[in-house]
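Hi there,

Here is the structure I promised to pass on to you. Have a look at it first, and then read my notes below.

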Amino acid sequence: MELRALGTSDIKIPPIIMGTWQAGKSMWAGIDDAEIIKAIKTAFQSGIITFDTAEEYGKGHSERILGKALADVRAKVIYATKVSPNHLTYDQVVKAFHRSLKNLETDYIDLYQIHWPSGSWGSKYVPIEETMRAMNDLKEKKEIRVIGVSNFSRKQLEEAAMYGRIDCLQSPYSLFWRHVEKDAMSYCVKNNITILAYSPMAQGILTGKFGPDHRFLKGDHRSRNRLLLPEHSWRVQQALAKLRPIAQRNGVSLSQLALAWVIAQPNTCAIAGARNSEQVLQNAQGAKIHLSAADLSMMDTIGRSVTDYLDDNPVMWKF
């Protein structure tokens, strides 16, 4: 699989990354540890060598599953994990980092990210200078290879960059969710910061499998995705109907089409989750699709038929 530079670092990552929020089980339903472990191993075998997780995903369960699945090939994979917004003082960052090391069964983390800006989700405000001081110290000790941020606005990203090199921004980004284009993308392109797009298939909406009457299992947070609200869902279904002929013409699924569009955007790789090996293999194929300029332009227009009617709230869920 093609590899791309992660920011200005010497780390190379594939355009498709495996996301493991679902491996933590919390806020998801119907997740099986054994199936997830098989999926992670399948991802590695298919060329997806970068795996994204976070201490928050199942209170470390996702990290532990990932560490267990890949312990025998640790030197050949890239681990990306995140520190929670309620752990952003200097000492808290260091403690959280070492918990993640233990969970992942490793002695270094390739990419360590601030999961949400300080103050998010009711967390206590901590100056970014203090958090970055901890991140920089861990990087200087070579325990972190690269520093990144997640869910940061352009303004927040610029402030963090005043205190150290930021090589990636993780942000929600798909055909149906494009806030990053209006905010931080130009800054990332100018400063060679990789965008790691999470929910590139709009949490499964772009697969086309969630019709207007779909009901999620109890405990599945996706039921609160704002794209599924009545005022947006009918536009989503209309857009999917227009995307299907493009997918058929290219001989791919809707999900692969969605992934191919995301990784064709400037400085962008896609974080794709999976419940099983079959989904992993489908995602991996998305990296091999090269869409024509005409198709990309048509998809851009179709996507805007949804996104033009969204407000400026960058958070995808209505909790």
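**Two helices side by side**

Helix 8, residues 230-250, packs against helix 11, residues 293-307, with 8 Å between their axes and an angle of about 165°. Please keep in mind that this is a predicted model. An angle over 145 degrees counts as roughly antiparallel, so helix 8 and helix 11 are roughly antiparallel to each other. The crossing of helix 8 past helix 11 is left-handed.

Which residues meet where helix 8 and helix 11 touch? From helix 8 come Arg-235, Val-236, Ala-239, Lys-242, Leu-243, Ile-246, Arg-249 and Asn-250. Their partners in helix 11 are Asp-295, Met-298, Met-299, Ile-302, Ser-305 and Val-306. Sorted by class, this contact between helix 8 and helix 11 has eight nonpolar residues, four charged ones and two polar ones.

**The cysteines**

A disulfide is a covalent bond that joins the sulfur atoms of two cysteines. How many disulfides does the structure hold? The count is zero. Take Cys-168, which is in no disulfide: the nearest cysteine sulfur belongs to Cys-188 and lies 9.0 Å away. For a disulfide, the two sulfur atoms would have to be within 2.5 Å. Cys-269 is in no disulfide either, and the cysteine sulfur nearest to Cys-269 is that of Cys-168, 9.7 Å away.

Are these two cysteines buried or exposed? Cys-168 is buried, as its relative accessible area is 0%. Cys-269 counts as buried too, at 2% relative accessibility.

Enjoy exploring!

How values were computed. Residues are numbered from 1 along each chain as its sequence is written. This is a predicted model: local features need pLDDT of at least 70, side-chain atom pairs count only at pLDDT 80 or more; totals for chains, interfaces and linings use all residues. Side-chain values use heavy atoms; hydrogens and water are left out. Buried means under 20% relative accessible area, exposed over 50%, partly exposed in between (1.4 Å probe, protein chains only). Axes are lines fitted to C-alpha atoms, for helices over the stretch in contact, and angles run from 0 to 180 degrees between N-to-C directions. Helices (H or I, at least four residues) and strands (E, at least two) are DSSP runs, numbered from the N terminus. Angles under 35 degrees count as roughly parallel, over 145 as roughly antiparallel, 65 to 115 as roughly perpendicular and the rest as oblique. A crossing is left-handed if the near helix is turned anticlockwise from the far one by less than a right angle, and right-handed if clockwise. Contact means heavy atoms within 4.5 Å. Ala, Val, Leu, Ile, Met, Phe, Trp, Tyr, Cys and Pro count as nonpolar, Asp, Glu, Lys and Arg as charged, and the others, Gly among them, as polar.
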